[in-house]
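Here are my notes on this model, as numbered points. Please read them with the coordinates open.

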Amino acid sequence: MEKKVKALLDTITFLVFIFFDFVDVVLCVAYELLDELFEAKPFPCYCGKKLETKELSETLFWRKNVFREMGFLSFGRKTCEAVKKRDDGNRGEVVNRWSDCGCDSCVSWMKKSNQTLHVVVKEFPQVNSEDGPREEATTENVIFLHGFLSSSSYWTRSVISAYELSSFHLVAHSMGCNIALALAAKYPKFVKSVTLVAPPYFSDSNDETSSSMALNTVARKTLWPPLAFGKSVMTWYEHVGRFFCFLICKNHTTWERIFKLFTQTRELNFMVVDLTRHTHHSAWHSMHNVICGGSKFMDDYVGILINAKVKVWVIHGDQDLTVPLDCSNNLKMKFPQLKLIIVQNVDHGTVIFHRKRDFVKSLQHIWATS
């Protein structure tokens, strides 16, 4: 009986994603035409031939689509080529895609007058000295790197403001771990310690590249749970994902008003706000180029840090379904010099949010011993 149920569920899953294969091909042709009409310099999609470049992840190109392989896309593109590009003299250079939001918050990073990342400089309280005047507390710098579909709010609302940390090194969560390792490996002499929280680490095995392992693990095609289903659709289908971003992210201010009305709150949870204020362009490339493509460089980065004697700590929740605990276990197995802390009964987010005080104590211990 169980085998029959499993076979039925597998069949339903297959048919659902075959449907998305078809929809993605149709939207590819539709967007190609619309981009020609609304954009001065249309940004090409990844449905065509693979580009030979190390800057792009191979997962952008080898995502299989039944209808694309059958030639449906070629037929649709011939139709698009028959339509002449309109040029009414009013289409100048655009700062963002027509399907993305153009509000000040979403395009502020594109303005020439604002070329900095989000930076917070905080002065810490002075320490009372028993022997005389007040002394300033010893402070150090830190770079906090957030994860996928998040922002600096992930840290400033959860750790920095709530607990006045007096020592900073390098701390990253989820996707931010890939960036943190790349940064630390580039400047190993300047890094005192690296703390990786739930790192998406994938090493090569069974002739399967680390990039494909990352894609099939983090965004496996599945119908349940709903968040995993949404993540798989948004990751495997470039144009379907862009369509949903057009509906939600482009109109995020409207959705925020609706959420506030139904929840009767003046301020929404920062995670909801972060999720709706990401453009498809940024989310799509972050998933493939940073999480998937970046995974093949992690061994080299960690090796550089180990040789430079930089202390690397890893913290992971045993209930993490987004980035499995096996990722950190495999990292520890590959590099025994790392320090691994496994936290019981917490997942990808609650490893920080539901244990803020304990998390801060862990950071203070790591910084004190580095």
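1. Start with Phe 243. This is a predicted model. Phe 243 has a relative accessible area of 33%, so the residue counts as partly exposed, a class that lies between the 20% and 50% limits. Phe 243 sits in helix H9.

2. Phe 243 belongs to a nonpolar surface patch of about 890 Å². Patch members need over 30% relative accessible area.

3. H10 gives the largest share, with five residues.

4. Now turn to helix H13, residues 298–307. Its buried residues are Met 298, Val 302, Gly 303, Leu 305 and Ile 306. They span an arc of only 165° around the axis, so they lie on the same side of H13. An α-helix has 3.6 residues a turn, so residues three or four places apart point the same way.

5. The face of H13 turned away from the buried side carries Asp 300 and Asn 307, both exposed.

6. Check the backbone just past H13 as well. Lys 309 takes a positive phi there, of about 60°.

Notes: Residues numbered from 1 in each chain as written. Predicted model: local features only at pLDDT ≥ 70, side-chain atom pairs only at ≥ 80, totals over all residues. Heavy atoms only, no water. Patch = residues over 30% accessible without salt bridge, like charges linked within 9 Å, V, L, I, M, F, W, Y side chains within 5 Å. Areas by Shrake-Rupley, 256 points an atom, 1.4 Å probe, with all protein chains shown as cover. Salt bridge = Lys/Arg side-chain N within 4 Å of Asp/Glu carboxyl O. Helix = DSSP H or I, 4+ residues; strand = E, 2+ residues; numbered from the N terminus. Buried < 20%, exposed > 50% of the residue type's maximum accessible area, 1.4 Å probe, protein only. Arc of directions from axis to C-beta.
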